[in-house]
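This report covers one protein chain and its fold.

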Amino acid sequence: MRRSTRLALLGFVLLATAFALPFVDFVTADWDRDYRYRTPTDGFCADAVADLPDESVESEDFVVDRADLSSAALADVRRAEANGSYTVEREADADGPFFFPSDHVARGTGCYALYDAERETYRALVTEAVDHRTDTLQRRTARLGSRAAAALGVLSLLAGVVGAARRRLG
């Protein structure tokens, strides 16, 4: 095999590696799931809770009585109400009323109406499962490796093509 052919093949292999590396990085990454509580003032959830009629409380699937919340869930909800949003960095309360992985609005997102019996009011609560990467060094390494492989691939491919053209012309 001629040198120019080997350089061109090496260039194709490096370019394929450069395109494949981000996908491999994404698949092999370590992911962490957190759970966020938000208290919206507008949007679909706030509108749904504002439109709740008092007589159909038992028929609504998304109504949760504050008295039924565990102490940990109640503390999380209070923090969300005080700050507008609160992220819980532990597993969700398995026995609680919030089902993050498959809430009823969309996968990982839910809308709940928190009923306060003392005040006879409803407050909107949006729950979200938030995934994020924990390995930033792997992401940076893959990004840098992908760019380096692409640059070397282009240079190798060009060197192979120029070498073959020079051989044919000279």
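D116 is found in strand 4, where strands (E, at least two residues) and helices (H or I, at least four) are DSSP runs numbered from the N terminus. The model is predicted: local features need pLDDT of at least 70 and side-chain atom pairs count only at pLDDT 80 or more, while totals for chains, interfaces and linings use all residues. Residues are numbered from 1 along each chain as its sequence is written, and side-chain values use heavy atoms, with hydrogens and water left out.

D116 is buried, with a relative accessible area of 14%; buried means under 20%, exposed over 50% and partly exposed in between, for a 1.4 Å probe and protein chains only. Apart from neighbours within four places in sequence, D116 is in contact with R66 and T121, contact being heavy atoms within 4.5 Å. T121 is also the residue in strand 5 that stands opposite D116. Strand 4 and strand 5 form a hairpin with four residues between them, and E120 in that turn has a positive phi of about 55°. Strand 4 has six buried residues out of eight, so the rest of the structure largely encloses it.

The protein has four helices and five strands, which follow the pattern α-β-α-β-α-β-β-β-α along the sequence. An open sheet of five strands has the order 2-4-5-1-3, with mixed pairing; two strands pair if DSSP finds at least two bridges between them. Strand 2 (63-65) and strand 3 (85-88) are at the edges with a single partner strand each, so one side of each has no neighbour in the sheet. Neighbouring strands are turned by 30° against each other on average, direction ignored. Axes here are lines fitted to C-alpha atoms, for helices over the stretch in contact, and angles run from 0 to 180 degrees between N-to-C directions.

| Strand pair | Bridges | Direction |
|---|---|---|
| strand 1 and strand 5 | eight bridges | antiparallel |
| strand 2 and strand 4 | three bridges | parallel |
| strand 4 and strand 5 | eight bridges | antiparallel |

D32 has H132 in strand 5 as its bridge partner, and V63 stands opposite A113 in strand 4. Helix 3 packs on the sheet and touches strand 1, strand 3, strand 4 and strand 5; its direction makes about 145° with that of strand 3.

D34 is found in strand 1 and is buried, with a relative accessible area of 5%. Its C-alpha atom is separated by 5.9 Å from that of V88, 54 residues apart along the chain. Beyond its neighbours within four places in sequence, the contacts of D34 include T87, V88, E89 and H132. For the protein, residues 24 or more positions apart account for 71% of the contacts with a separation of 6 or more. Buried residues make up 32% of the 170 residues.

Which residues lie nearest the centre of the largest pocket? They are R66, Y115, D116, A117 and E118, out of 13 lining residues. Helix 3 gives the most to this lining, with three residues. The lining divides into four nonpolar, one polar and eight charged residues; Asp, Glu, Lys and Arg count as charged, Ala, Val, Leu, Ile, Met, Phe, Trp, Tyr, Cys and Pro as nonpolar, and the others, Gly among them, as polar. A pocket is an open set of points on a 1 Å grid over the protein atoms alone where a 1.4 Å probe fits, with protein on both sides within 12 Å along at least five of seven lines; lining residues have an atom within 4 Å of a point.
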